[in-house]
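Here is a short report for a reader new to this structure.

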Amino acid sequence: MYRRPTIHRYCCANIHRFILTILALFSQWQSEIERYAGHLSVTTLHNEESTTAQAVATSDVVIVSTFLIQQSNTNTGTKSRSKLLLQLLKRVHWHRIVVDEAHMNNQKQTKLVISALSATHRHAVTGTPIGAQLSDLYDQVRFLRLAPFCRPAFWKNLRAVSSTHLTLP
C-alpha cells in the first residue's frame, strides 16, 4: 500500500506560490490545498482584506481573485486598499504563479498586473486558450514569457504572413 510521505511544515520555507483565480473557483482552490497540502499556510485576498506585508511574505500560498486586481483600477472607495495590496504583491518574488482560467483575464489591468509580477515559474491553466481572437493566446504567452512568442513583433509578422499566404476556397 502506498503511503504519501509526510512533509515537515517548514521544508518549503521561502517558497511563495501565487494563485490568481476567478471568484467562482476561489473556494475550490482553498479546499484542494487544505485537502492535499494541509501543511501549507494560505492567505486569501479578494476584496478589502486587511493584511500585512508580513502575512503575505510568510504565507506559502496566496490566493488572489481577479476581482481584486480589477478593483484597483476603479474609482470606488476600495481603490486605495486594492492598490496597496497590489503594490505589496508586486514586491514579492514568487516561486510559482498559477493563473487559473487564464483565458478569462482579458481586462487590460489584469494583464498588466500579472505580467509585472516577478516569478521563477509561471503557469497558465485554461481549457480555452483562444476565445474570440488570436490575441487572446498572445496575452497568455506574454504572461508565460515564452520567447519569441511573447514579443509583439512575432505576432505582427505572423499576421502579415498568414494574411498574404492564406487562401480560402
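Helix α5 (residues 108–116) packs against helix α6 (residues 135–144) at an angle of about 25°, and their axes lie 8 Å apart. Angles under 35 degrees count as roughly parallel, so α5 is roughly parallel to α6. The crossing of α5 past α6 is right-handed. The model is predicted.

Which residues meet? From α5 come Lys-111, Ile-114 and Ser-115; from α6 come Asp-139, Arg-142 and Phe-143. By class, this contact of α5 with α6 holds 2 nonpolar, 1 polar and 3 charged residues.

Several residues of α6 are buried, among them Asp-139 and Phe-143. Asp-136, Tyr-138, Gln-140 and Val-141 in α6 are buried as well. After α6 comes Arg-145, with a positive phi near 60°.

Now the sheet. It is open, has 5 strands in the order β2-β3-β1-β4-β5, and pairs them in parallel. Its edge strands are β2 (42–45) and β5 (118–125), each pairing on one side only. From one strand to the next, the twist averages 15°.

Strand β4 (residues 93–100) runs parallel to β5, and 7 bridges join the two. Trp-94 has Ala-119 in β5 as its bridge partner.

Both helices pack on this sheet, as the table shows.

| Helix | Strands touched | Angle with the direction of β5 |
|---|---|---|
| α5 | β1 (17–21), β4 and β5 | about 135° |
| α6 | β4 and β5 | about 150° |

Definitions and conventions
Residues are numbered from 1 along each chain as its sequence is written. This is a predicted model: local features need pLDDT of at least 70, side-chain atom pairs count only at pLDDT 80 or more; totals for chains, interfaces and linings use all residues. Side-chain values use heavy atoms; hydrogens and water are left out. Axes are lines fitted to C-alpha atoms, for helices over the stretch in contact, and angles run from 0 to 180 degrees between N-to-C directions. Helices (H or I, at least four residues) and strands (E, at least two) are DSSP runs, numbered from the N terminus. Angles under 35 degrees count as roughly parallel, over 145 as roughly antiparallel, 65 to 115 as roughly perpendicular and the rest as oblique. A crossing is left-handed if the near helix is turned anticlockwise from the far one by less than a right angle, and right-handed if clockwise. Contact means heavy atoms within 4.5 Å. Ala, Val, Leu, Ile, Met, Phe, Trp, Tyr, Cys and Pro count as nonpolar, Asp, Glu, Lys and Arg as charged, and the others, Gly among them, as polar. Buried means under 20% relative accessible area, exposed over 50%, partly exposed in between (1.4 Å probe, protein chains only). Two strands pair if DSSP finds at least two bridges between them.
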